[in-house]
Structure formats: C-alpha cells, structure tokens
Amino acid sequence: MFVSHNPQELKKLGLRGNIHLETVELPVHYQRVQEILSRIWETQQPQLAVHVGVARASKLIILEQCARNQGYRDADVCGCCPAGSCCVDGGPEKIESLINMRSICKNLTGMDIPISTSRDAGRYLCEYAYYLSLHYGNRRAAFIHIPRLSDGVTVEQLGRALWMIVHELLDHLATFREPPGL
C-alpha cells in the first residue's frame with residue numbers, strides 16, 4: 001500500500017500485520033503526478049493506494065467515492081493543465097472506487113473528527129491523482145480529504161483518524177468480491 005501526501009503521524013502509529021506503508025508526497029504538477037503514479041502502479045503494484053489531501057475550508061474528513069476524467073482547467077504550479085483538460089485520453093468519464101465509502105463512514109463512529117463522503121474531489125490535483133490511481137490500479141484506490149490543522153484539529157487526532165480509516169479500507173478491500181460479469 002502507498003499513501004500519497006506525507007502523513008507522518010500515520011507512519012508513527014504503524015499499521016497492523018505485514019502491511020507495508022510507503023508515503024509519497026506528490027507535487028502540485030500534473031505531468032509529474034502522472035509520471036510518479038504510473039511508475040508506482042507499474043513497479044510496486046500496491047494492494048491499495050490511499051491519497052490524502054487537505055481541504056482547507058473543511059472541518060471534517062471527506063472520503064471521496066469517485067473521480068472524473070474531464071474538466072481539469074486550473075493550472076498547476078508551473079502554469080500547466082493536462083492535455084485536453086483530462087486525466088487519460090479516451091478513459092471513462094468517471095471511475096468509482098471498489099470501496100464503498102458510505103459503508104466505511106457507517107463503520108467509523110466515535111472519531112474525534114466528523115467524517116462524510118463526497119462524489120466531487122474538486123477537479124484539481126487531488127481528483128487528478130485519484131483518477132489516475134483508480135485507472136492504473138483497477139479501482140483499488142481511495143482519496144481522503146482532511147481538514148487543515150487548527151486549534152480544533154490536532155495532528156494526533158488526524159493521525160488516529162487516518163489509522164482507523166486505512167484499516168477499515170483494507171478490511172473492506174479484503175472482503176470485496178467483484179460482481180459477476182464485470
């Protein structure tokens with residue numbers, strides 16, 4: 001499994017069993033993100049990719065269910081947008097995660113930080129990276145938007161919440177069965 005961003009608190013807490021956690025901080029650069037994710041999926045073939053991004057205006061954790069291929073018109077730090085404003089030329093318009101994020105939310109009660117789901121990750125680098133991982137990883141990816149650190153949200157709280165979410169994601173993935181005919 002790899003986690004994009006750099007959740008050091010999650011690394012400190014560790015994951016149960018023989019799960020290998022690798023963190024990668026992705027740049028705010030479409031082309032580099034595509035290169036990095038392509039290489040990770042090709043060479044490491046993770047069981048699951050968990051992306052973590054900051055939703056500055058949010059006070060809760062948001063589990064993103066899907067990502068869209070089109071509509072990436074906001075420039076990255078180099079002033080560039082993806083060719084054709086899309087993630088994958090000819091790719092499906094929307095890709096859903098194998099993981100049912102609503103089910104994950106229902107199973108996670110009693111966390112210090114409220115949790116919800118979304119079907120719109122923002123059409124910027126967060127959703128772009130998520131779409132690529134869903135595409136390269138045959139839908140074995142998740143995206144978690146977290147609130148920024150503040151007086152009400154500590155790094156320890158976020159670390160514990162991410163630890164709980166990642167374990168729930170892995171449990172869900174371990175029991176997943178592809179419906180017949182897909």
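**Figure 1. Gln45, an exposed loop residue.** At 58% relative accessibility, Gln45 counts as exposed, because exposed means over 50% relative accessible area, buried under 20%, and partly exposed in between (1.4 Å probe, protein chains only). Gln45 sits in the loop between H2 and S3; helices (H or I, at least four residues) and strands (E, at least two) are DSSP runs, numbered from the N terminus. Phi of Gln45 is near 45°, a positive value in a residue other than glycine. Most residues other than glycine have a negative phi. The model is predicted: local features need pLDDT of at least 70, side-chain atom pairs count only at pLDDT 80 or more, and totals for chains, interfaces and linings use all residues. Residues are numbered from 1 along each chain as its sequence is written, and side-chain values use heavy atoms, with hydrogens and water left out.

**Figure 2. Arg139, in the loop between H4 and S8.** Phi of Arg139 is near 75°, a positive value in a residue other than glycine. Arg139 is partly exposed, with a relative accessible area of 27%.

**Figure 3. The chain as a whole.** The chain has five helices and eight strands. Read along the sequence, these elements follow the pattern β-α-β-α-β-β-β-β-α-β-α-β-α. Of the 182 residues, 49% count as buried. Contact means heavy atoms within 4.5 Å. Among the contacts with a separation of 6 or more, 77% come from residues 24 or more positions apart.

**Figure 4. The largest nonpolar core.** A nonpolar core is a set of buried Ala, Val, Leu, Ile, Met, Phe, Trp, Tyr and Cys residues joined through side-chain atoms within 4.5 Å. The largest one holds 49 residues, and Ile61, Leu63, Ile144, Ile165 and Leu169 touch the most other members. At least two residues of this core come from each of helix H2 (30–43), S3, strand S4 (61–64), helix H3 (101–107), H4, S8 and helix H5 (155–175). H5 supplies the largest share, eight residues. Leaving aside neighbours within four places in sequence, Ile165 is in contact with Ile61, Leu63, Leu108, Met111, Ile115 and Ile144. In soluble globular proteins, nonpolar side chains tend to be buried together.

**Figure 5. The largest pocket.** S3 gives the most, with four residues. By class, the lining has 12 nonpolar, six polar and two charged residues; Ala, Val, Leu, Ile, Met, Phe, Trp, Tyr, Cys and Pro count as nonpolar, Asp, Glu, Lys and Arg as charged, and the others, Gly among them, as polar.

**Figure 6. Tyr131 and Asn69, two buried residues in contact.** Tyr131 is placed in helix H4 (residues 125–136), and its relative accessibility is 0%. Asn69 lies in the loop between strand S5 (66–68) and strand S6 (94–96), also with 0% relative accessibility. Beyond neighbours within four places in sequence, Tyr131 is in contact with Ala67, Arg68, Asn69, Cys87, Val88, Gly91, Pro92, Glu93 and Ile95. The C-alpha atoms of Tyr131 and Pro92, 39 residues apart along the chain, are separated by 9.9 Å. For Asn69 and Cys86, 17 residues apart along the chain, the C-alpha separation is 5.2 Å.

**Figure 7. Ser118 in strand S7 (residues 115–118).** At 18% relative accessibility, Ser118 counts as buried. Not counting residues up to four places away in sequence, Ser118 touches Ile62, Leu63, Glu64 and Gln65.

**Figure 8. Cysteines and disulfides.** A disulfide is a pair of cysteine sulfur atoms within 2.5 Å. By this rule the count is zero. Cys81 is in no disulfide, and the nearest cysteine sulfur, that of Cys80, is 7.6 Å away. Cys81 is partly exposed, with a relative accessible area of 35%. Cys66 counts as buried, at 0% relative accessibility.
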